[in-house]
Amino acid sequence: MNKECILKVEEVYKSFPGTLALKGVSLEIKKGEIHSLVGENGAGKSTLMNVISGVLHADKGRVFLQGKEVYFHNPNDAQKAGIGFVHQELALCPHVSVAENVFIGRLPQKNGIIDRKKLYKLTEEVLAPFQSVIKPEQKVSELSVAQQQVVEIAKALSLNCKLVIFDEPTSSLNESEAQALFKIIRDIKSKEISVLYISHKLSEIFEICDRITILRDGIKIATHNISETTSESIVTEMVGRDLGNLYPAKSSKKGEPILHVTNFTRKNKFSNISFNLNEGEILGLSGLVGSGRTEVVRAICGIDPFEKGGVSIRGKHIKLNNYHSAIQNGLCYMSEDRKLDGLFLNMSITHNIIAILLDKISKRMIVPKKQTIILAQKYQKKLNIRYADPGQKVNSLSGGNQQKVMISKLLAINPGIIIMDEPTRGIDVGAKSEIHNMLRELCNSGIGIIVISSELPEIVGVCDRVVVMHEGMMVSELTGEDVTSEKIISSISSTKVS
Amino acid sequence: MKSSQGSIKRVIHGIRGFKESTVILIIILLCTGISISAPIFLSLDNLKTTAIGLACDGIIGIGMTLSLISGGFDLSVGSVMGLSAVLTALFAGMGINIWLAAFLAVAISLIIGLINGILIGKVGLNPFITTLGMMSIARGGVFVLTQGTSLSINNADQSFRFLGSGNLFGIPVIAIIFIVLAILGDFMVRKSSPAMKVFYVGSNEKAAILSGINTGKVKLYVYLFTALMASLAGILSLSRFGVATANMGSGSEMRVISAAVIGGAALAGGEGSVFGTVLGVLLLSIINNALVLFNVSVHWQNLIAGTILILAVTIDLLSHKRKNK
Amino acid sequence: MSKKIVSIVLAIVLVVSLSLVSCSTPGKSDQTAAQTTANSSDQKAGSAFTGNESQEFYMVTFVSGYPFWKDCYNGFKEAGALYGVKTVYGGTTEYDVNAAITALDQIIAKKPAGIAVTAMDAKAYAPSINKAIEQGIPVITFDSDSPMSKRISFIGTQNYSAGVTAARYIGEKLGGKGKVAALTTLAQSNIKERTDGFQETIKSEFPGIELVQVADAGTDQVAAATSAANLLKSNPDIQYLFCALVTASVGAQQALTEAGKKGKVKIVAFDTDTVTLDAIKSGDVDASISQAPWAMGYWAMNYLYFIKNGLVNPVDNWQGKGYPAIPVTADSGSTVVTKDNADNFYTPEN
């Protein structure tokens with residue numbers, strides 16, 4: 001059945017100073033289909049999206065909406081024509097109510113004053129299909145990330161779009177919220193509205209999408225029906241080379257405990273958390289978003305306060321007054337949000353890498369420039385970071401390379417134990433794989449690794465042993481063959497209260 | 001093989017990448033333009049006067065640069081400058097040796113810097129409110145101590161006056177002191193590791209904490225340093241005029257912050273250089289000088305100076321944006 | 001690359017506009033109908049009234065927007081027009097000794113024909129004034145003197161005696177008994193002198209009058225209004241409020257209106273700017289002490305012209321020999337302006 005084509009992109013070219021981002025890309029989205037777009041960072045996904053939604057103008061090529069050629073001068077044009085956009089970084093005004101966000105720019109008025117009654121009623125109607133507890137008067141800042149996303153979707157749909165573009169929609173959602181989102185997307189599909197779904201998570205794509213288009217280096221490689229392909233072949237097409245196994249080989253060694261954590265407790269955050277980290281193994285901390293993993297780990301490193309708990313490293317009991325003393329003892333923490341508190345975005349790559357090392361590397365309080373550049377080059381090679389000049393500012397790098405710089409920052413102090421919080425968040429498959437391999441290498445060289453991740457495939461693929469937390473408590477510890485998605489999920493759900 | 005063409009390319013890349021190059025260009029253009037229309041601009045007298053006039057703002061600027069880099073700023077510098085001058089004159093008037101008096105005044109100013117630093121760095125108060133409050137308190141102290149009249153240091157050791165009003169090989173000593181402090185300050189900000197920490201704190205305080213940096217301590221030292229510079233400016237001013245007036249230094253905080261921003265410092269923190277701030281001070285002084293030389297009616301001065309300021313900052317912003325692309 | 005070109009173009013625009021502005025601003029130099037009047041009616045003094053138009057005489061002030069200086073400059077300008085020379089109004093808009101002296105030094109560097117300057121701080125201005133004198137530039141101080149400097153003469157209101165005049169006016173009106181207060185500024189020496197004159201005269205000549213408070217008017221009329229309001233709250237039974245400067249009286253008027261005390265508390269102000277004169281006529285201000293700004297400017301210019309052009313010549317090199325030829329200080333006087341004579345004090349629009 002050849003369904004009607006809602007959006008057709010024909011031979012689109014787009015260049016920026018120094019790069020040709022899109023080289024003659026063509027794409028067809030059918031009416032009522034969920035079409036996914038994948039590619040590594042830098043493949044051209046964002047550029048293509050921006051051309052379709054009117055943010056950028058293509059240099060060459062044409063775009064057709066419902067068979068008619070269109071030319072969008074700005075995002076407003078695209079919106080009016082019926083293309084809705086749900087951004088990765090949500091585009092809502094936090095201090096303003098839900099209703100005022102949904103109807104921004106078209107608030108119903110009576111005699112020049114905003115008709116609030118009508119506004120709230122209209123908003124209720126728009127929110128109804130989502131069966132959500134969101135009230136139209138609520139301030140957006142009071143909502144959870146998932147709820148905010150619902151508002152943004154509702155806003156897009158209320159504009160009567162024929163195509164909704166989702167950009168990395170589950171990056172800030174937990175499992176159940178993601179499932180709720182998928183239900184909404186399926187509802188959208190049932191209304192014969194098309195969806196363009198951009199994501200790095202192949203498992204999701206295979207769960208809800210109909211077709212998939214792969215971009216690489218600005219060229220469309222192929223379009224497949226989901227039912228006729230596998231994630232391995234997709235990855236190969238994305239990366240252009242056979243990645244082999246998605247995850248590196250695990251280790252069966254069990255060495256001496258290098259980190260021993262006992263009875264960590266903090267009221268309302270976590271209680272009685274105890275575990276070991278043994279030499280030669282990668283320990284995973286799994287659980288839902290909000291289960292307290294980050295809080296525990298930050299407390300262990302002396303960053304956040306705690307009420308009870310003891311830490312010993314290689315048998316020696318450590319007193320943790322502040323993060324500085326943790327670093328002195330070779331224990332360090334890599335944050336989950338590199339933009340928020342992991343990197344100094346406006347500073348150079350070199351300066352970021354030496355941030356923790358600063359005092360040790362300085363001679364008589366002067367920062368030795370040559371030495372720092374040599375250090376940066378060492379890590380560039382080791383982690384395969386792609387940059388033109390070590391003096392480049394970090395915010396000019398892609399997400400994957402930024403993550404690698406953050407990792408270099410920690411490696412630079414030659415730590416004994418690294419705790420990584422969501423180490424591959426927001427980076428593409430190729431870079432992810434590199435980091436996983438690197439983690440295994442580090443572990444094999446004697447450095448203790450703890451990984452916190454909300455991506456079950458990652459936990460299962462990378463970790464030798466997994467501690468599962470739920471609502472601040474440890475619910476299970478899984479080793480070897482027991483490290484599977486099913487066992488992790490069941491240990492969480494068997495202790496679920498509601 | 002690296003040919004001469006390659007090294008020329010590197011020099012050009014170096015200049016282009018040099019943040020302050022736009023401001024330097026604007027200054028050169030301005031000076032050229034002014035010298036053509038009013039040749040007296042280049043007369044020794046005029047140049048000396050301009051140099052002396054900007055020295056104190058410049059010294060305060062060295063300290064202010066650091067507080068801007070840390071993500072804050074210090075509005076109390078003008079008052080600290082005045083207080084420092086007044087205290088020195090007061091102590092000297094009581095018979096204390098003027099050099100010792102100056103030392104005591106600096107010490108007291110450092111206490112003000114310490115209070116600023118503790119409130120902002122350790123307690124976590126907003127720098128705007130804290131230093132604004134301190135600005136009032138210090139200025140109030142000045143009024144109380146002087147009762148409105150100016151304090152003279154005629155009875156003190158006149159060798160002290162050499163600092164502010166003497167000449168060395170024809171160059172005003174106060175300008176030499178400023179240049180030396182500026183060079184040292186610039187070097188420190190560019191190369192030293194304590195200053196590097198200030199950059200980290202200003203760029204992303206949370207990331208700085210996660211890099212093991214004691215952000216409270218860093219901010220404390222920053223405000224101590226800023227107060228020190230303001231205090232030195234006050235002492236030099238006293239040495240120059242021989243009197244401490246009650247409103248010495250008022251208004252300097254806004255001028256210095258403007259100069260620093262023109263020179264590339266970011267109000268949000270994490271960026272800035274002493275050299276850039278010095279250029280900013282230089283630009284503002286040249287503009288003021290030009291207004292006098294061109295006999296621009298005093299009534300127009302504010303309007304024109306303000307417009308030129310906006311133009312200069314816009315030009316600088318445009319060149320910044322280009323670099324970040 | 002294009003943005004860099006934009007930056008350069010903008011910078012060129014900057015320079016060009018500066019020079020253009022200097023040609024078109026009104027205050028650049030004032031040469032009002034000089035030649036015509038000089039040629040027609042005032043020929044009797046011979047060459048004295050056809051001056052050298054390349055001579056530039058500067059009036060240098062601080063807080064240059066203050067209306068009082070405008071009156072001074074009007075006098076200065078008129079005298080300059082008489083001779084057909086250029087007069088320029090310079091200085092700084094700021095209330096900062098560094099900015100003021102830097103402006104003065106830069107003007108001195110231009111080697112003008114003469115300078116009339118008002119000294120924000122007597123001691124601080126002395127070195128610059130002396131430098132000018134040593135370079136052969138005649139300097140007259142007006143309104144605020146720098147007596148320890150080498151300035152040739154000082155023309156101004158004896159601020160102290162102006163304060164005395166105000167005290168006596170109030171003393172008389174109250175019949176020697178009552179309560180008064182004063183609103184002044186702490187930081188200026190000439191204002192302080194007025195306040196001193198007022199305070200001491202009340203104490204010595206009118207022992208039956210109590211001066212309840214001397215408050216600070218702050219930096220502008222808004223601050224003055226707040227100050228006055230506080231003063232009225234703590235001393236609701238005062239009969240007269242002496243305002244030592246214009247911002248104080250403007251603020252005080254506002255405060256009185258808002259406190260509902262208009263008419264019950266009388267204001268004695270200082271200076272005769274249009275706002276104050278209107279207030280006198282409407283009754284919001286009882287009286288004002290006029291200094292003689294126009295006279296200060298006018299006679300300062302006259303002195304400067306005579307000295308510069310060698311018209312004062314009792315003996316050769318009279319200045320070097322210390323031969324007295326010009327009054328060292330001159331009191332431009334002060335008058336009490338009330339409803340009866342207020343109309344005479346309006347300055348014609350220039």
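This is a predicted model: local features need pLDDT of at least 70, side-chain atom pairs count only at pLDDT 80 or more; totals for chains, interfaces and linings use all residues.
Local features are reported at a pLDDT of at least 70 and side-chain atom pairs at pLDDT 80 or more, whereas totals for chains, interfaces and linings use all residues. Residues are numbered from 1 along each chain as its sequence is written, and chains are lettered from A and ligands numbered from 1 in the order in which they are written.

Along the principal axes, the C-alpha atoms of chain B fill a box of roughly 70 × 55 × 40 Å. Of the 325 residues of chain B, 57% count as buried. A residue is buried if 20 or more other C-beta atoms lie within 10 Å of its own, exposed if 12 or fewer do, and partly exposed in between, with C-beta atoms placed from the backbone. Among contacts in chain B between residues at least 6 apart in sequence, 77% join residues at least 24 apart; two residues are in contact if their C-beta atoms, placed from the backbone, lie within 7 Å.

The chains can next be considered together. Two pairs of chains touch, and the pair with the most contacts is B and C. Chains A and C share no contact, and their closest C-alpha atoms lie 12 Å apart. A nonpolar core is a set of buried Ala, Val, Leu, Ile, Met, Phe, Trp, Tyr and Cys residues joined through C-beta atoms within 7 Å. The largest such core has 282 residues, and those with the most contacts inside it are C:L183, C:F242, C:C243 and C:A300. Helix α11 (residues 215–241) of chain B supplies the largest share of this core, 15 residues. Leaving aside residues up to four places away in sequence, C:F242 touches C:A166, C:I170, C:V180, C:A182, C:F198 and C:V268. A second, separate core of 63 residues includes A:L37, A:V38, A:I184 and A:L196.

A:L119, A:T123, A:V126 and A:L127 are buried in α4(A). These four cover an arc of only 90 degrees around the axis, which puts them on the same side of α4(A); the arc is that of the directions from the helix axis to the C-beta atoms. On the other side, A:K117 and A:E125 are exposed. The buried residues of α4(A) pack against α3 (98–102), β8 (113–114) and α5 (145–158) of chain A.

Helix α3 (residues 67–83) of chain C has 17 residues and reaches 25 Å from its first C-alpha to its last, close to the expected 24 Å. Of these 17 residues, 13 are buried, so α3(C) is largely enclosed by the rest of the structure. After α3(C) comes C:G84, with a positive phi near 75 degrees.

In chain B, B:A175 is found in helix α8 (residues 173–191). B:A175 is buried, with 20 other C-beta atoms within 10 Å. B:A175 touches B:A51, B:I52 and B:A55, not counting residues up to four places away in sequence.

Most residues other than glycine have a negative phi. B:N295, although not a glycine, has a positive phi of about 55 degrees. B:N295 lies in the loop between α13 (274–293) and α14 (298–324) of chain B, and is buried, with 22 other C-beta atoms within 10 Å. C:D271, also not a glycine, has a positive phi of about 75 degrees. C:D271 is placed in the loop between β9 (266–270) and α10 (274–282) of chain C, and counts as buried with 24 C-beta neighbours inside 10 Å.

Note on methods: Helices (H or I, at least four residues) and strands (E, at least two) are DSSP runs, numbered from the N terminus. The expected span of a helix is 1.5 Å times one less than its number of residues.
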